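Please keep the sequence and the structure in view while reading.

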Amino acid sequence: MTQNIDVYTDRNDLNWVDSHAHTWSEELTADYQEIMNRAWASGISEIIEVGVDVPTSKLAAKLASTDRRIHAVCGIHPHDADKYDQQHLDLQELATSGDFVAIGEIGLDFYRNFSPPDQQYKAFEKQLELARINNLPVVIHSRNADSETYSILKNWVSKVGKYLGTSRPIGMLHCFSGNSELSKKYQDLGFLISLAGPVTYKKNIELQKVAKLLPLSKMLIETDCPYLTPTPYRGKLNEPAYVKATGMFIANIKKEKISSVAKATTENAKFLFEINGG
Ligand SMILES: [Zn+2]
């Protein structure tokens with residue numbers, strides 16, 4: 001371990017990737033240009049814009065078409081799984097268009113249960129298949145569904161194998177909220193673990209333990225903006241520039257240099273999403 005001398009310095013000479021953002025959200029529309037300017041000025045080098053249904057996936061692609069540092073992901077969120085059938089053909093078209101770097105966010109959400117579980121399972125499985133057919137990684141959302149999501153992904157990986165190549169990650173667990181044991185199991189399956197603002201919240205001791213044990217080679221960081229704003233910006237809407245606060249917090253608890261966290265998480269994201277030749 002090296003002395004983390006740069007931990008409390010807000011540096012602008014490092015590159016960061018916001019691995020999961022929804023800046024297409026209407027909450028951020030009015031200030032979109034300023035938000036992007038702040039992101040680039042603070043060292044964010046790439047932003048992954050994630051859709052939650054067909055219209056927002058198209059919005060993500062539209063943003064990506066305006067700036068080569070923005071990359072789009074298409075998919076139908078478990079909240080909207082009950083509308084999956086109507087959107088399947090459109091989603092298929094998006095997935096094959098070449099405009100997207102991954103399929104997501106997809107998964108299971110038994111916290112809100114906005115869609116019935118059987119429809120969530122169906123939409124999840126169909127989109128995993130879509131990812132494999134199009135040779136794309138997956139962006140996974142899992143809430144109150146730790147064992148169910150893991151068991152689906154474990155079966156899926158054992159069926160399809162590492163179709164993106166033996167060393168390239170197969171996907172990411174976005175806004176990871178499980179424990180260290182689950183984190184390790186996903187790493188063993190070939191997934192990266194993405195940490196968001198909640199890791200910076202005082203009470204989240206378990207998630208801080210996950211961050212401490214997570215090797216830099218398996219880590220991503222994200223904002224999941226516009227919500228889940230990291231400390232010290234809580235109370236404000238979240239935006240990509242704030243991914244640095246999460247990165248700096250993680251560097252501190254891991255006793256790593258900020259530059260090491262920035263470098264590793266940037267390289268991991270580029271490798272996962274195959275961006276800039278990653
Ligand atoms: Zn999200």
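## The loop between E8 and H9

Leu228 has its place in the loop between E8 and H9, where helices (H or I, at least four residues) and strands (E, at least two) are DSSP runs, numbered from the N terminus. The model is a predicted one, in which local features need pLDDT of at least 70 and side-chain atom pairs count only at pLDDT 80 or more, while totals for chains, interfaces and linings use all residues. Residues are numbered from 1 along each chain as its sequence is written.

Most residues other than glycine have a negative phi, and most peptide bonds are trans. Leu228, however, is a residue other than glycine with a positive phi, near 55°. Leu228 is partly exposed, with 19 other C-beta atoms within 10 Å; a residue is called buried if 20 or more other C-beta atoms lie within 10 Å of its own, exposed if 12 or fewer, and partly exposed in between, with C-beta atoms placed from the backbone. Two cis peptide bonds belong to this part of the description: the bond from Cys225 to Pro226 is cis, with omega near 20°, and the bond from Thr231 to Pro232 is cis, with omega near 10°. Pro226 is located in the loop between strand E8 (219–221) and H9, and Pro232 is likewise found in the loop between E8 and H9.

## Helices H9 and H10

Two packed helices are described by the angle between their axes and the distance between the axes. Helix H9 (residues 243–254) and helix H10 (residues 258–273) have axes that come within 8 Å and cross at roughly 120°, which makes H9 oblique to H10. Here axes are lines fitted to C-alpha atoms, for helices over the stretch in contact, and angles run from 0 to 180 degrees between N-to-C directions; angles under 35 degrees count as roughly parallel, over 145 as roughly antiparallel, 65 to 115 as roughly perpendicular and the rest as oblique. The crossing of H9 past H10 is right-handed, a crossing being left-handed if the near helix is turned anticlockwise from the far one by less than a right angle, and right-handed if clockwise.

On the H9 side the contact is made by Gly247, Met248, Ile250 and Ala251, and on the H10 side by Ile258, Val261, Ala262 and Thr265, with two residues counted as in contact if their C-beta atoms, placed from the backbone, lie within 7 Å. By class, this contact of H9 with H10 has six nonpolar, two polar and no charged residues, where Ala, Val, Leu, Ile, Met, Phe, Trp, Tyr, Cys and Pro count as nonpolar, Asp, Glu, Lys and Arg as charged, and the others, Gly among them, as polar.

## Other residues in and after H10

Ala264 is a residue of helix H10 and is partly exposed, with 19 other C-beta atoms within 10 Å. Leaving aside its neighbours within four places in sequence, Ala264 is in contact with Leu216, Ser217 and Met219; the C-alpha atoms of Ala264 and Leu216 are separated by 6.0 Å, although the two residues are 48 residues apart along the chain.

In the segment after H10 is Glu274, which is not a glycine and yet has a positive phi of about 50°. Glu274 is partly exposed, with 16 other C-beta atoms within 10 Å.

## Helices H4 and H5

Helix H4 (residues 84–96) and H5 pack at an angle of about 15°, with their axes 11 Å apart, and the two are therefore roughly parallel to each other. H4 passes H5 in a right-handed crossing. In this contact Tyr84, His88, Leu91, Gln92 and Ala95 of H4 meet Gln119, Lys122, Ala123, Lys126 and Leu130 of H5, and the residues divide into five nonpolar, three polar and two charged.

Val17, in strand E1 (residues 16–21), counts as buried with 29 C-beta neighbours inside 10 Å. Not counting residues up to four places away in sequence, Val17 touches Ser45, Glu46, Thr265, Thr266 and Ala269.

The largest nonpolar core has 81 residues, of which Val73, Phe100, Ala102, Ile103, Val138, Ile193 and Leu195 touch the most other members; such a core is a set of buried Ala, Val, Leu, Ile, Met, Phe, Trp, Tyr and Cys residues joined through C-beta atoms within 7 Å. Beyond four places in sequence, the contacts of Val73 include Ile48, Val50, Phe100, Ile103 and Val139.
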